[in-house]
Structures are given as structure tokens and as C-alpha cells.
Amino acid sequence: EFLLDGFRAVTWQQGVMYLVGFALIYLAIQKDYEPALLLPMGFGAILVNLPSSGVLNQMVEGIGESQGIIQWLFETTIEASEALPLLLFIGIGAMIDFGPLLSNPKMLLFGAAAQFGIFFTMVAAVLLGFDLADAASIGIIGAADGPTSILVSQVLHSSYVGPIAVAAYSYMALVPIIQPFAIKLVTTKKERRIRMPYNPKNVSRTLRICFPILVTIIAGFIAPMSVSLVGFLMFGNLLRECGCLDRLSETAQNTLANLITLLLGITISFSMRAEQFVNRNTLIIMGLGLVAFVFDSIAGVMFAKLLNLFSKKKVNPMVGAAGISAFPMSARVIQKMGIEADSQNHLLMHAVGANVAGQIASVLAGGMILNLVPQLLSKEERNMTALEAALTILWQGMLGIFAVMALITLIVMLFTKFSK
């Protein structure tokens with residue numbers, strides 16, 4: 001009879017999580033949607049929801065507490081130190097070539113504009129009844145950057161780390177579907193046909209080496225809480241560009257990134273236990289995550305249109321949508337849409353510049369939220385409502401991101417001019 005105890009102990013909520021796990025595995029294998037993360041997350045979702053699962057801490061009669069490996073990994077590498085998401089940023093930084101961005105530093109501003117969806121969604125979440133910390137954690141789904149979403153939601157002690165991680169990675173995989181819909185909502189075919197000749201400027205090795213150091217210092221002074229995010233990203237890029245640590249750079253891009261991605265996917269499944277995951281708020285979070293991605297893209301497009309009112313050289317508004325952090329998927333989407341509108345309209349390199357700018361802006365947005373939310377939570381206790389706090393974070397956060405990106409743009413342009 002004891003052989004049937006496990007089957008009898010399964011709840012309907014755990015049954016739902018098995019289906020979620022199978023769905024994530026299916027999307028990873030059959031559809032090739034972010035397989036390196038969705039497959040471990042899907043399998044982990046099944047592991048943590050088996051009755052009395054050995055991957056979680058359990059009280060064993062006659063023995064005492066037994067340590068579960070997934071719970072231990074979560075508590076030590078995410079809950080206690082956020083080590084896994086941060087280490088992954090080293091690998092991501094080592095993969096990024098900032099050359100197209102440094103060749104046209106004005107693209108940094110598109111990265112700033114395309115973070116609007118984060119703050120808009122945070123306000124929407126507050127209006128739907130989430131507290132400020134949870135609302136900010138939900139908004140950061142719009143960073144289109146899984147590690148940033150996990151880190152911010154964990155630091156703010158959100159109750160919804162699991163749904164936020166699933167939403168972030170799922171929508172990143174669906175960028176080729178979401179972005180064309182969002183872009184076509186706010187552009188005409190004539191606007192999508194705007195051609196942008198690509199005349200790359202020479203980017204010196206000195207600028208490539210100085211750039212990650214410069215970004216880290218400026219971000220550190222303006223948004224100190226972003227230092228861990230920005231710093232590890234830029235450290236990875238410095239490994240790439242310094243020219244004397246090729247083996248370490250290759251290790252960070254491949255071995256380190258792959259190993260951390262594998263561990264992060266299965267470790268985050270600890271937050272996908274049925275009792276935490278299966279509820280109405282999970283569906284709301286998935287909906288809000290979609291809103292964040294859509295409004296990120298729309299904001300980038302509208303910013304490009306605004307610039308076109310004052311510029312002789314017109315920017316194809318679609319390039320603004322590439323300012324989200326989903327690299328390089330978003331840049332490829334813009335290139336494809338440009339070719340569809342005009343077979344000679346090649347926007348890839350412009351879109352790549354905006355896309356890598358989005359990598360910087362998304363971690364800055366995470367740092368801004370970590371800077372502002374704790375300050376305003378204390379003010380909230382002193383008669384400031386959650387909505388007032390969220391609106392304050394919206395304008396201060398966007399202002400802060402634009403200030404950092406504008407200052408970096410100015411310095412890069414001056415460096416390029418005077419180093420000729």
C-alpha cells in the first residue's frame with residue numbers, strides 16, 4: 001500500500017504544475033523557445049512538485065531534516081547572494097560587441113526610451129492591488145532580461161519570483177511574435193520603409209576598453225544599487241575587449257554562461273511550487289508581463305518618431321523598438337520587418353546598436369528600481385500611497401536612465417571627436 005502513497009498525496013495544484021512543466025519542456029524542445037532556460041525550469045517544476053520531493057528540505061521520521069539540493073541551491077545562490085544571476089552577467093557582457101553602438105552612440109537613447117514599459121506596468125500592477133515591491137518586481141519583466149528580473153524580484157522579497165521568471169523568459173522567447181504586433185500598432189507602412197544608410201565609424205581599441213569602465217562609474221554615482229548589475233555586465237565586456245585575456249573571455253562566453261544558465265533554470269524552479277504558483281495572481285502577472293513588453297516596444301517607436309520631428313536625417317521608428325534588452329532577437333525582428341516593407345531596407349546594424357543599448361538600459365532600470373523602491377516604501381508608511389510612490393518611481397526612474405545614457409552618449413561623442 002505504501003507504493004501508492006505518493007500518488008494519493010498529489011493535489012490538483014501539483015497536477016497543474018506538472019502540466020506547466022510539460023508545457024515549458026515542449027516549448028523548449030519543439031518550438032526552440034529559450035531551450036537553455038525553459039527546459040531546466042520545466043523539468044525543475046516537475047521535480048519540486050512531486051509529493052515529499054527529495055529536492056526540497058524534508059523532515060524524515062527517525063532521522064530529522066534532510067537537505068534538498070534545489071532548495072539549497074536557491075537559498076545559497078539566489079536568496080542569500082543573488083550569485084547566479086550576477087555571474088551570468090559576466091558571460092553576457094563577454095558576448096556583447098558594443099562596436100555598432102559606439103559607432104553611433106545616439107542609439108543609447110533608444111535603449112533608455114524602451115524601458116518605459118517597466119514603469120508603466122509597475123503603475124498598472126499597483127492599480128490592480130499589488131503592493132509596491134511586488135508591482136516593481138512585476139514591472140521589471142519588461143526589462144526583457146531574465147537574470148535582472150530574478151535578481152530584482154528576489155532583492156525586493158517579492159512573493160512572485162516564480163511567475164515573474166516564467167513570464168520574463170517566455171516573453172523573451174516570443175519577441176518575434178510580440179514585437180511585430182506592437183510596432184504595427186503605432187507605425188505606418190511608409191514609416192517602416194524609411195531607409196537608414198549605414199556608414200560605420202572606426203571605433204578605437206582605447207574607446208572599447210574605456211567604455212565598460214566609464215559606464216560602470218557613471219551608473220555607480222547616479223544609481224549605486226545598479227553597480228552589481230552594471231558592474232558584472234561591464235566586467236565581462238572588459239574581459240572581451242582588453243585583448244590579453246582571450247581564454248578567460250571565451251570561458252565566460254561559453255563554459256561559464258552555459259553552466260550558470262543550466263543551474264539558474266533548475267534552481268529558480270524552487271519558486272514554482274504549487275502552493276505559491278497556482279493562483280489568480282499568476283495569470284495577472286503573465287498578462288502584465290505582456291503589457292510590459294508591448295509598451296517597451298511602443299515607447300521606443302514613439303521616441304524615434306519624436307526625434308524625427310527635429311532631425312533632418314530620419315530614423316526608421318522600428319529601430320526604437322530594438323531598444324529592449326532581448327538581444328539579438330529584437331534586432332533580427334527589426335531587420336526582417338524592414339525587408340518586408342522594402343526589400344532594400346537593411347536596418348540590422350542600426351537595430352543591433354539600439355539592442356545592445358537596451359542591455360545597458362535594462363540593468364540600469366533594475367538598479368533604479370532597487371534604489372527608489374526602498375526609499376519610497378518608507379515614505380509610503382508616512383502617508384504616501386502606493387500609487388503616488390509608483391508614479392514617482394516612473395518619472396524619477398525614466399529621468400535617471402535618460403540622464404545616465406545621455407551622459408554616456410556625450411562622453412563617447414567627445415572622446416571620438418578629440419581622439420582623431
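Predicted model: local features only at pLDDT ≥ 70, side-chain atom pairs only at ≥ 80, totals over all residues.
Residues are numbered from 1 along each chain as its sequence is written, and side-chain values use heavy atoms, leaving out hydrogens and water.

H15 itself covers residues 227–241 and reaches 20 Å from first C-alpha to last, close to the 21 Å expected at 1.5 Å a residue (that is, 1.5 Å times one less than the number of residues). Its buried residues include Leu229, Val230, Leu233 and Glu241; buried means under 20% relative accessible area, exposed over 50%, and partly exposed in between, with a 1.4 Å probe and protein chains only.

Now the charges. The structure has five salt bridges, each a side-chain nitrogen of Lys or Arg within 4 Å of a carboxyl oxygen of Asp or Glu. Among them:

| Salt bridge | Closest N and O atoms |
|---|---|
| Arg208 – Asp97 | 2.8 Å |
| Arg195 – Asp342 | 2.8 Å |
| Arg240 – Glu241 | 3.7 Å |

Salt bridges with shared partners tie Asp97, Arg208, Arg240 and Glu241 into one network. In it, Arg240 is partly exposed at 27% relative accessibility, while Glu241 is buried at 12%. Arg208 is partly exposed at 22%, and Asp97 is too, at 28%.

Conventions:
Helix = DSSP H or I, 4+ residues; strand = E, 2+ residues; numbered from the N terminus.
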